[in-house]
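Here is a colleague's note for a first read of a new model. Please keep the structure open while going through the points.

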Amino acid sequence: MNGSGNRPAAYGLLPADTTEDVRTRGAGRSRQVAVLPVGSFEQHGPYLPLATDTLVACAVAREIADAHPVHLLPPLTISCSHEHAAWPGTVSISSVTLHAVVRDIAASLRRSGVDALVVVNGHGGNYVLGNVVQEASARGERMALFPAAEDWETARQRAGVRTSLLTDMHAGEIETSILLHAHPELVGAGHESADFVADDRRHLLTAGMSAYTESGVIGRPSLASAEKGEKLLASLAESFGPYFSLLTSPDTPADSVRGAGSGAE
């Protein structure tokens, strides 16, 4: 199934929609859903690009757009990477700024008739995105954050990723696999011998990443493969289905979740 219809393929990371493409895709739909990839610009060791999280978020978002009739947005490429500040090239904005930008985007979409927004987060340090979604939902707006930890765990198992989500923290098996599949030309040499494990990171927010790794890597990138990357993305696209149903339901999201959990036919 191609949810994009006749929409042109994206050029690089930017959707190539025209305004007529958006109009056509939304025709006859009571609720439209936009998908916003949020990445970062931060170190990912010596073999992955600074834009890794953005590339991952966009890869996930493109898989979603191939399967569902969503309005794919261009990515936010700089976010909250303060824990990586010790490495050259890392750029951050404040959590207050990121919160305001996402909220403004959601408000603009509603004014144009798109009343639901999914934030596809590619960077674990964007904690504030959870608050954005919580607050929007409390105001009666339709917003979701994807993927959840459960979605990543399902994808990890289906793809045969051997590293746990705890160990696979940064530039590890999952991120390297996705880039080997989606952007192999951007994966440099060295990931085969860059494994480093630091599962106890209780002081990360205080001391930053440099307190736990010299290379910037925490995980087992040596186990990565393009095949795993393809399976990870396929699993995440499948996991998105209930999110789409929830956001487009005529009921409130809370009612939809209660109904789904009650065993009602």
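1. Helices (H or I, at least four residues) and strands (E, at least two) are DSSP runs, numbered from the N terminus. Ala 171 sits in the loop between H5 and helix H6 (173-182). Phi of Ala 171 is near 60°, a positive value in a residue other than glycine. Most residues other than glycine have a negative phi, and most peptide bonds are trans. Is Ala 171 buried or exposed? Ala 171 counts as buried, because its relative accessibility is 0%. Buried means under 20% relative accessible area, exposed over 50%, and partly exposed in between (1.4 Å probe, protein chains only).

2. A word on the source. This is a predicted model, where local features need pLDDT of at least 70, side-chain atom pairs count only at pLDDT 80 or more, and totals for chains, interfaces and linings use all residues. Residues are numbered from 1 along each chain as its sequence is written, and side-chain values use heavy atoms, with hydrogens and water left out.

3. Check the confidence. pLDDT is the predictor's confidence in each residue, from 0 to 100. The chain averages 92, and 90% of the residues score at least 70. Over residues 1-11, pLDDT stays under 50. For that stretch the model has 23 contacts beyond four places in sequence; contact means heavy atoms within 4.5 Å. Where pLDDT is low, the predicted coordinates should not be read in detail.

4. Now the overall layout. The chain has 10 helices and four strands. From the N terminus on, the order is α-β-α-β-α-β-α-β-α-α-α-α-α-α. The radius of gyration is 18 Å, close to the 18 Å that the globule rule gives for 265 residues, so the chain is as compact as a globular protein of that length. That radius is taken over C-alpha atoms, and the rule is 2.2 Å times the number of residues to the power 0.38. Of the 265 residues, 49% count as buried.

5. Look at the sheet. Which order do the strands take? Four strands form an open sheet in the order E2-E1-E3-E4, with parallel pairing. E2 and strand E4 (142-146) are the edge strands: each pairs on one side only. Two strands pair if DSSP finds at least two bridges between them. Strand E1 (residues 33-38) and strand E3 (residues 116-121) are joined in the parallel sense by six bridges.

6. Find the cis peptide bond. It joins Phe 146 and Pro 147, with omega about 0°. Pro 147 is in the loop between E4 and helix H5 (149-159).

7. Gln 32 is in the loop between helix H1 (19-26) and E1. Gln 32 counts as buried, because its relative accessibility is 19%. Not counting residues up to four places away in sequence, Gln 32 touches several residues, including Val 22, Gly 113 and Asp 115.

8. Finish with His 82, in the loop between strand E2 (71-72) and helix H3 (95-111). His 82 is partly exposed, with a relative accessible area of 47%. Beyond four places in sequence, His 82 touches Ser 92, Ile 93 and Ser 94.
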